[in-house]
Amino acid sequence: MSQPYTTVQEEIALPGFAGAVHLPGETGYDELRRSLNPSVDARPALVAEAHGVADLRAALLAARANRVPFAVQATGHGTHAPCDGGVLVRTSPMASVLVDPLRRIARVGPGARWGEVIAAAAPFGLAPLSGSASSVGVTGYTLGGGLGWLARKHGFAADSVVRAEVLLADGRHVTASASSHPELFWALRGGGGGFGVVTSLEFRLYPVSRVYAGFAYFPIEAAAETLEAYRSWIDDAPGEISTAIVLKRMPADAPAPLSSRHVLMLKVLHAGEAAEARRLLAPLWRAAGPALVDEIRETTYADAAMGGTPNRHMDMFDTVPGEVVDILVRAAEQAQTVEIRHWGGAMGHPGPDVGPVSHRSTKLSVIVDTVVPGLAEALRPYANGGTFLNFLSDPGRMAAAYTGADHRRLREVKRAYDPDGFFRVGHVVPA
Ligand SMILES: Cc1cc2nc3c(=O)[nH]c(=O)nc-3n(C[C@H](O)[C@H](O)[C@H](O)COP(=O)(O)OP(=O)(O)OC[C@H]3O[C@@H](n4cnc5c(N)ncnc54)[C@H](O)[C@@H]3O)c2cc1C
């Protein structure tokens, strides 16, 4: 049974908390409570900047004692619910990154961002399974599954976690791994942030240094033919190559041939030779070309900035009939951006012992940044009805990210590790 929160707010003391604490109206409060989701305007009773596990425990126990909400935030990229009246702990000061190049393992603090891990791993010719933005927090991303431009080759980031240290709802600090608290370890690898505060995370790195990556732009008139070619092209593409086709209205300040133009953009990251990538891409190029601008080039993984699309509508597809192409081409006439991204590869062939990440047979996702009337209804008959947790902003739809069996198992783990539902803000499976 969940304990109710108190309704009358007293001043909350944080005995034993050594970091800075910001109350409403004080310097830092507004900056530190901020979410990147513009619809979230959180009003916590205080924001506390944690510098270590002792601080995290002190904040957690204070929230418990005062019966107020508790939430952790590293960067605000995935904060979709407010911690109103509660204790909001910022983990940003705990951003340590250690790379063991021999074991090809990174160990990070809960405040680390992907950019810091990429920079620390690069000198050893290694890379993490990061996503489209280096500013995203490693821990929140990985707890939500984590799918990036190397996912088709190496799988979800959650599949590469080997160990986590976790502060539980009762204040215990435990190690979760294959041999220690294995059910908790299972849940953490894709089940979201509702099982405890992760205080450190260890995960595998992969040998990746030079990549062939970037964007090429084509006239929008090629959209139907190129998407039709893409439908069959994706079936044979090897895991080394990750692509997306974006139908996009370019801003006025884009360079001359693209300024204010409606274009088809091909995004590519090939973890291999440039010549092989060009060979693989040839059928798409034939359908779309010639390019207005071609910025795909050999570069380092660290410098391959792949960008993303703000998500107003998202659907995922296991198969892609021609009708879907027609619907998307029509939707692009009304939308600012329609991003069609290819998944699969290693994401669909995980090892035997992985977490609850589901919908692994998803072939394509579609993200639209504009509300297009009738689009959701038109796509529904073809979509698989699921979502990846990291693509979801509505915490009430969490069950859509899992199979029924895995969602039930997640709830069992929640009942075992947080029986009174202490962690309840954000993407949290109910007890
Ligand atoms: C610009 C942008 C690009 C993105 N690109 C990708 C992408 O390519 N691939 C992808 O998979 N996702 C992507 N995402 C989604 C992103 O991975 C999630 O939003 C993720 O939750 C962000 O984590 P964070 O720590 O940065 O965010 P925060 O808002 O700081 O945290 C989000 C949530 O993570 C949980 N959490 C964070 N730290 C801890 C902790 N120490 N212990 C327990 N729980 C914790 C909490 O539930 C918290 O509410 C992107 C998001 C944005 C805004």
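Biologist: How many residues of domain 1 are in contact with domain 2?
Modeller: Ten residues of domain 1 are in contact with 14 residues of domain 2, where contact means C-beta atoms, placed from the backbone, within 7 Å. It's a predicted model: local features need pLDDT of at least 70, side-chain atom pairs count only at pLDDT 80 or more, and totals for chains, interfaces and linings use all residues. Residues are numbered from 1 along each chain as its sequence is written.

Biologist: Which element gives the most to the domain 1 side?
Modeller: Helix α2 (residues 53-66), with five residues. Helices here are DSSP runs of H or I, at least four residues, and strands are runs of E, at least two, numbered from the N terminus.

Biologist: And where do the domain bounds fall?
Modeller: Domain 1 is 21-90, domain 2 is 97-207 and domain 3 is 210-388; the bounds come from an automatic or database domain assignment. The C-alpha centres of domain 1 and domain 2 lie 22 Å apart.

Biologist: New topic: is strand β18 mostly covered or uncovered?
Modeller: Mostly covered: β18 (residues 337-342) has five of its six residues buried, meaning 20 or more other C-beta atoms, placed from the backbone, within 10 Å of a residue's own.

Biologist: Which strands are joined to β18?
Modeller: Strand β13 (residues 241-249) runs antiparallel to β18, with five bridges. Strand β19 (residues 364-368) is also antiparallel to β18, joined by five bridges. Pairing takes at least two DSSP bridges between two strands.

Biologist: Which residue is the bridge partner of Ile 245 in β18?
Modeller: Ile 340. On the β19 side, Glu 339 has Ile 367 as its bridge partner.

How values were computed:
A residue is buried if 20 or more other C-beta atoms lie within 10 Å of its own, exposed if 12 or fewer, and partly exposed in between; C-beta atoms are placed from the backbone. Two residues are in contact if their C-beta atoms, placed from the backbone, lie within 7 Å.
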